Every structure is written in structure tokens, then in C-alpha cells.
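Reader: I would like to go through this structure term by term. Please set each value against its definition before concluding.

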2 protein chains.
Amino acid sequence: MGRWLPNREGLKMDFLLQELRRAGYRITDARRAIVQALVNASRPLNPQELYEAARVQHPRVGLVTVYRTLEALLELGMVQKVHGEQGCVGYVYTGRGHRHVAWCRACGRAFIFEGQEDLSSLEQSLERTLHFRVEGHLLQLTGLCAECQART
Amino acid sequence: MGRWLPNREGLKMDFLLQELRRAGYRITDARRAIVQALVNASRPLNPQELYEAARVQHPRVGLVTVYRTLEALLELGMVQKVHGEQGCVGYVYTGRGHRHVAWCRACGRAFIFEGQEDLSSLEQSLERTLHFRVEGHLLQLTGLCAECQART
DNA sequence: ATATTTGCAAAACATTTGCACGGAA
DNA sequence: TTCCGTGCAAATGTTTTGCAAATAT
């Protein structure tokens, strides 16, 4: 792949920076480094890990700025917290829209996919039986990705 | 309701204590108080809140014991962590089996229901397209319960 | 020019651990 | 009697806050 062509991660990074700018945030070296580390990550990163990854690019960045940037990206719906069986395993870039996450417990990678109308029948059933009006949901899957199944 | 008849919460409490005993845990005053506070709660409680509630029954209980008891109950699948839009809102008794949670953002109550095979089509689709083998999932809903809708 | 953002240090908060005593089985 | 469980205190780990200096717009 020629290095003068933007790769997939470069596109994601530009998109994220655009979204931040559109929302009124300023684009700084710290945010660039954090966003870059995030989209380049092969798996969800927690704040500490993201901090360490961002420091490669921008050594003066502080952990606090990582927290603040994650907060902004969550607010904008660009990033999701990923839950493994034992709790939060980190944050992952999901992009805009209704995305779900499948997390491989073996390699730790997260697979992002569009949330189809999978849950509408469940939601209708809740509405009918409990009269509960569903506004949002958290759906995350854990298991084994194709490669990690093959590796067994 | 006659106080000599076990009420719904009393039955839940007995069940939880039995399950703890079956798993090899000893039944102590601290565990009794914590379990009682948990099943009597009208909404998910965090460790601090559960600690305060348990102290009504057993003032000598320590916060650490609450953490350790919650850990045991989670391990046994008797209790689930409840996630609101902004993060964890506490732990709720769910009983054995595959249960899902709908959390009302207005009154804070959690509604527990059986997990039907809602997700099997989604899981099959993941299997076909990504060859991802789903082993477990986290599904929680947020919205408004019937009473809180009426109250508007 | 000016309002946001940053990084530091410290505070606040949450959770876990070591250990001697107490209590369930 | 035996070993598990307890509560305390302290350690550890995580996230937030106040603030003066740096910087994007």
C-alpha cells in the first residue's frame, strides 16, 4: 500500500477530527495523537493504554486529556465502551450510527457491525407485556472470532 | 399481608441463602443482612448503597463484606450489574437463569424478564457473515416504565 | 485577541488486600 | 475444633478537579 494514499485508519482519523471540529472542539496535537492511537488500535484500549499509545506520537500528552477526549468522543457517539464477561475492557471506535460490538475473548479484538432491527420484536413484546417504552439499549456479544476458532 | 407468611422478598432471600450454602458459603449475619437489603431494594443499588441498607439490619457489617458478597452472588449468577446510559447504576437480584434487565431512567427501577431466543437470528447472522461464534451477550434496555409514562 | 485546551498536582472516589479475631459448621 | 468469614486499616487503582500556562481559531 502506497504511503501517500490515505489508508483505512487515516480516513477514520480524518472523520473523527472533522466530527470533533463540527461539534465545536478545537483540533490540537493532543487530540490528534489520541484519535490516531484509537483508530490504529487493534483492540479496545482503556484510558491508560490509550494514553501510552498516544504518547508515542505526542509524548507531552497527559492522561487527563485522554479522559477528556474519550468523554467528548463518547458524547458524539463515535466511540463505545466494550464490556467483556468480567467488566470493561476498553473503548473502541465505532463511528456514527447504531453499532453493536462483538468482542473476541481470545484475541481481544472488537468487531463492529450495524445494529439491524434485531431487537424490535423484543421491544414490542416488552411494550405489550410490561408497557415499558424502550428508548435505548446496550447490546454486546462475546465469543470467538473466526481466526481464534481456527487456532484451536 | 400476615407477617407469618413469607412474602415475595422472603422467598427470594431464602433462595439466595440456599444457593450460597449449596455453593459452599457459610451463612452469616452479614450475608443475611446484605441479601435481605438486596432483595428488598426497589431499584439497583451500588456497593455503598447496599452497605448502608444492610447496616439497618446489621450495623456491624463492613463495606468490604458487601463487595465480597456481591462478588459471590455475581459468580453464582444471582445478581446482575445494571448499566444506565451513563454507566453502572448498581446491582440487582435477577435469580437463576438467563435474565435480561430493562431499567427505567425516571424511577430507577429495574424490570427483570426471561431472555427468550431474541438474539438467535442475530447470532446466526454473525456466525454466517463474520464466522464469529457467540458465547455470551450483554443486553440491557433503558426507557420508561408504564407508571413513569403515565406520570408525564 | 480571546476563549479553549492542556498538563500538572492534588483531591476525590472506588476497589482490593493483609491480617488477627470471631463465629459457622 | 477447624477453617471460613469478618471488619479494620492501609494499599492500590481510577477518575475528577483547580489552575496557570500554552495554543487553536
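Author: Helices (H or I, at least four residues) and strands (E, at least two) are DSSP runs, numbered from the N terminus. The expected span of a helix is 1.5 Å times one less than its number of residues. The model is predicted: local features need pLDDT of at least 70, side-chain atom pairs count only at pLDDT 80 or more, and totals for chains, interfaces and linings use all residues. Residues are numbered from 1 along each chain as its sequence is written, chains are lettered from A and ligands numbered from 1 in the order in which they are written, and side-chain values use heavy atoms, with hydrogens and water left out.

Reader: How do you know that the reach of helix H1 of chain B is close to the expected one?

Author: Helix H1 of chain B, residues 8-22, has 15 residues. From its first C-alpha to its last it reaches 21 Å, close to the 21 Å expected at 1.5 Å a residue.

Reader: What makes a residue of H1(B) buried, and which ones are?

Author: Buried means under 20% relative accessible area, exposed over 50%, and partly exposed in between, with a 1.4 Å probe and protein chains only. In H1(B) the buried residues are B:Gly10, B:Met13, B:Leu16, B:Leu17, B:Glu19 and B:Leu20. Their cover includes helix H2 (29-40), helix H4 (63-75) and strand S2 (87-93) of chain B. Just after H1(B), B:Gly24 has a positive phi of about 100 degrees.

Reader: Why is A:Lys12 called partly exposed?

Author: A:Lys12 has a relative accessible area of 26%, so it counts as partly exposed. The residue is found in helix H1 (residues 8-22) of chain A. Contact means heavy atoms within 4.5 Å; not counting residues up to four places away in sequence, A:Lys12 touches A:Val39 and A:Tyr93.

Reader: What makes the relation of chain B to chain A that of a two-fold axis?

Author: Copies are superposed by least squares on the C-alpha atoms of residues with pLDDT of at least 70 in both. Chain B is laid on chain A with an RMSD of 0.0 Å by a turn of 180 degrees and a shift of 0.0 Å along the axis. That is the relation of a two-fold axis. In chain B, the C-alpha nearest the axis belongs to B:Leu139, 2.3 Å from it.

Reader: How do you know that the copies meet through the same surface?

Author: Of the interface residues of chain B, 100% are also interface residues in chain A, so the copies meet through the same surface.

Reader: What does chain A contain, and in which pattern?

Author: Chain A has 6 helices and 5 strands, in the pattern α-α-α-α-β-β-β-β-α-β-α along the sequence. Of its 152 residues, 45% count as buried. The C-alpha trace of chain A spans about 55 × 45 × 30 Å along its principal axes.
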